Amino acid sequence: MGGGARLSTVENILAFNAQFVENRDYEQYRTTKFPDKKIAIVTCMDARLTELLPKALNLRNGDAKIIKNAGAIVTQPFGNIMRSILVAVYELGAEEVLVIGHHECGMTGLNSELVIQHMLERNISQETIRTLNNSGMHLERWLTGFDNVQESVERSVGIIKNHPLLPPGTPVHGMIIHPTTGKLDVVVDGYKQEVTA
């Protein structure tokens, strides 16, 4: 084996980036901050979806505002995800919202006790855990995933759709994508909701 120093992940990223900029490879991605297809998408941070989801939805750079978190979950009506949706709608021209969960999600059946155990193993002190729990921060509840991806998508769509600051009549759709094939299944048709509402 060679005796040369191995580059770190960040050093590799920066080296590639320098070439990317020097070669003007960015030119093919130039667009504005306004989504061409006028949609905001809430989806999961799962690495399998990084390229698959846009390709499966026929999205190019600049077509959509994509908001990611663990599980594509909207848990709080006044949390970061909902704020991002409202900014996308009011300031960036999004007219529809899609919540796209996926099969085989790591948030399915997430065991909060196991996550806390992993924290302890990585040098987060028991005292810190106890302090947070005693201060009203219920880690077990905060670190909870879901048992059923369809129900999770429906719940998130409901929080968005019923938000008091979302413009009335904004279609909010719910879908599930397969992380291998990219096949989409519609869980909530935001247009039909409008017709029957």
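**View 1. Strands E1 and E2 pair in the parallel sense, with six bridges between them.** E1 covers residues 39-44 and E2 covers residues 64-69. Two strands count as paired if DSSP finds at least two bridges between them. Helices (H or I, at least four residues) and strands (E, at least two) are DSSP runs, numbered from the N terminus. Look for Ile41, which stands opposite Ile66 in E2. To get from E1 to E2 the chain goes through helix H2 (residues 49-56), and this β-α-β crossover is right-handed: with the strands pointing away from the viewer, the path from the first strand over the helix to the second runs clockwise.

This is a predicted model, so to speak of local features pLDDT must be at least 70, side-chain atom pairs count only at pLDDT 80 or more, and totals for chains, interfaces and linings use all residues. Residues are numbered from 1 along each chain as its sequence is written, and side-chain values use heavy atoms, with hydrogens and water left out.

**View 2. E1 also pairs with strand E3 (residues 96-102), again in the parallel sense.** Here there are five bridges, and Ile41 stands opposite Leu98 in E3. E1 is mostly covered, with six of its six residues buried (under 20% relative accessible area; exposed is over 50%, partly exposed in between; 1.4 Å probe, protein chains only).

**View 3. Ile160 sits in helix H7 (residues 149-161).** Ile160 counts as buried because its relative accessibility is 0%. Leaving aside neighbours within four places in sequence, Ile160 is in contact (heavy atoms within 4.5 Å) with Val74, Met82, Ile85, Val97, Val99, Leu166 and Val172. Ala72 is 88 residues away along the chain, and its C-alpha atom is 12 Å from that of Ile160.
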